[in-house]
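Subject: Structure handover

Hello,

Here is the structure for you to look through. Please open it beside this email and follow along.

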Amino acid sequence: MRSTTPNAAWRSHASAQRRPVSDDLFLPLGTPFRMGIVIYLVLYHLLFPIIGTGLNGAWGALAVPRVLAETLLVFLTALPFLFVRRDAGWLSPLFLPTIFLVAKEVFKNPLALVAPFQSPMVYMGVETASRADSLRLSAFDLDATRLGLTLLYCLGLAVYYAAYFTWRRVPMPRIPFGPGRRVGAVCVGVIALSTLVALWLFEQSGGISRYLVAMRGGRVILFSDIGPVLQVISFSALIITIWQAYERRPFANPWFLAGVFLALAGTLLATGSRSGAIVPALAIVLLWWRQLGRVAFIPALCALLAAYAVLGGFGAVRQSYGSQTVDWSVLNPSRAGEWLTSTVAEAARRDNEESDLAAFAAANEKGLLLGKTYAYALAAWIPRAAWPDKPRAADSYNMWIAYEGHAMDDPLPRAGQRALFGIPVSSPVEAYWNFHIFGVVLVSMLMGFFHRFVVTFVKAYRAVPIVFPMVIYFSVQFTGTAKDLVNVTRDVGMLIPLLMLMGVLTLQYTHSARRGATVT
């Protein structure tokens, strides 16, 4: 008689509810690393900024409340590393986002590790070097705005933890996974297609040099009409991690290594986003560690240094805003010192923008967006050619309203009218700008529920290799912003038919009759 259980993956889910979950499911975090993260947060996010601000005499009237608020924020950020043991690990969405942000912070500004007073990770003074119009405030109002933003972060984290730890019985869909017999072949085809699309894009733009020069005029406008093209190109970075998960010896496969190079290089050059290459590179390292069953720091550190050189060189090439030429000679190894200088200078420039603070001040001063950025997510499927004035992502409104000082009802420029840069906004600040405190509570709660679902899903389908690249993808790429929602939804929409073609998914989808899976 044919079994009612569709495959081994579902049997793994059923048995997972009856036995304790293995501690190595998410690749365990050792106590030294946990304590290292906590010590880093205490030193570089609290103690050193306090000392540096005192030495510079930059304290404002609200110094004591700000120190208390920052202490609370550091405690909430470090809380999982201090107390959580179940579901703990490098791949857990409860830990990975913080690990990634710390790594990204150090990657962008390594000099802060040795000179924390000259280049602090967290600024606790009052004055700002930002050019944002919304931050032209009195010293006291600016101090109060900084305090309010820190408390907003604390609220978001507190609600996130409350949602994550209180949802105990998580309904789990019954998904008929297959063994994945054609994964490599399909991945080769997708990466080849993405590479051809990238080459076509560069050719249509007059070459890579002219394309990079065009980025200097503002990526928001440049990319407004080629979003689907960029999605296809950057999609290869996700595909390469899925290939790795199903490959027995990925680093012994020359086709896989060539795919890694093409996927990361294409994404980096086409999108101009170094994070677009950093995230899949991080996923590759984490998947490699899980396949090894241990953390291999030394090889990973060597790879990190190589990546730093490559991305630093690209940053040096991409900069020189206002120039109409690209100085490729900066990639000469003899000028490697300029790569570090370029990376540190760009990190300082972005930190000086204080984008979250500017958006938070704009929300308090000029009013709420009332769902405009979330309407952008709903309308993302409508071509801008058909609806030229459809809503944009929060980064565009941040630039237009908070930085340039336009009124809330002033229409944003269309493609070709003028340069428009997007300045990113975090999830809690975007939620606040749309729906005030209610928005922060709602979005943070939904993120807590989502991460709890992801953890339960990994437990249920631990036998299916694809769950591990996907948990990394969702933990890092989806932070809760409307723009992330659009990008993730597009990626998943493209991924599902490809998984069927690979044999990873079948068409026998039904929903589990279970009420839910008890989280253990």
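Below is what was found in it.

This is a predicted model: local features need pLDDT of at least 70, side-chain atom pairs count only at pLDDT 80 or more, and totals for chains, interfaces and linings use all residues. Residues are numbered from 1 along each chain as its sequence is written, and side-chain values use heavy atoms, with hydrogens and water left out.

**Overall fold**
The chain has 19 helices and two strands. Both are DSSP runs, numbered from the N terminus: helices are H or I with at least four residues, strands are E with at least two. Of the 520 residues, 51% are buried. Buried means under 20% relative accessible area, exposed means over 50%, and partly exposed is in between (1.4 Å probe, protein chains only).

Now the contacts (heavy atoms within 4.5 Å). Take those between residues at least 6 apart in sequence: 80% join residues at least 24 apart.

**Surface**
The chain exposes about 23700 Å². Carbon and sulfur atoms supply 66% of that area. Accessible areas come from the Shrake-Rupley method with a 1.4 Å probe; for residues, only the protein chains shown count as cover.

Val 42 lies in helix α2, residues 31-56. Val 42 is partly exposed, at 35% relative accessible area.

**Cysteines**
How many disulfides does a search of the whole structure find? The search finds zero. A disulfide here is a pair of cysteine sulfur atoms within 2.5 Å. Cys 154 is buried, at 4% relative accessibility. Cys 187 is buried too, at 0%.

Best wishes
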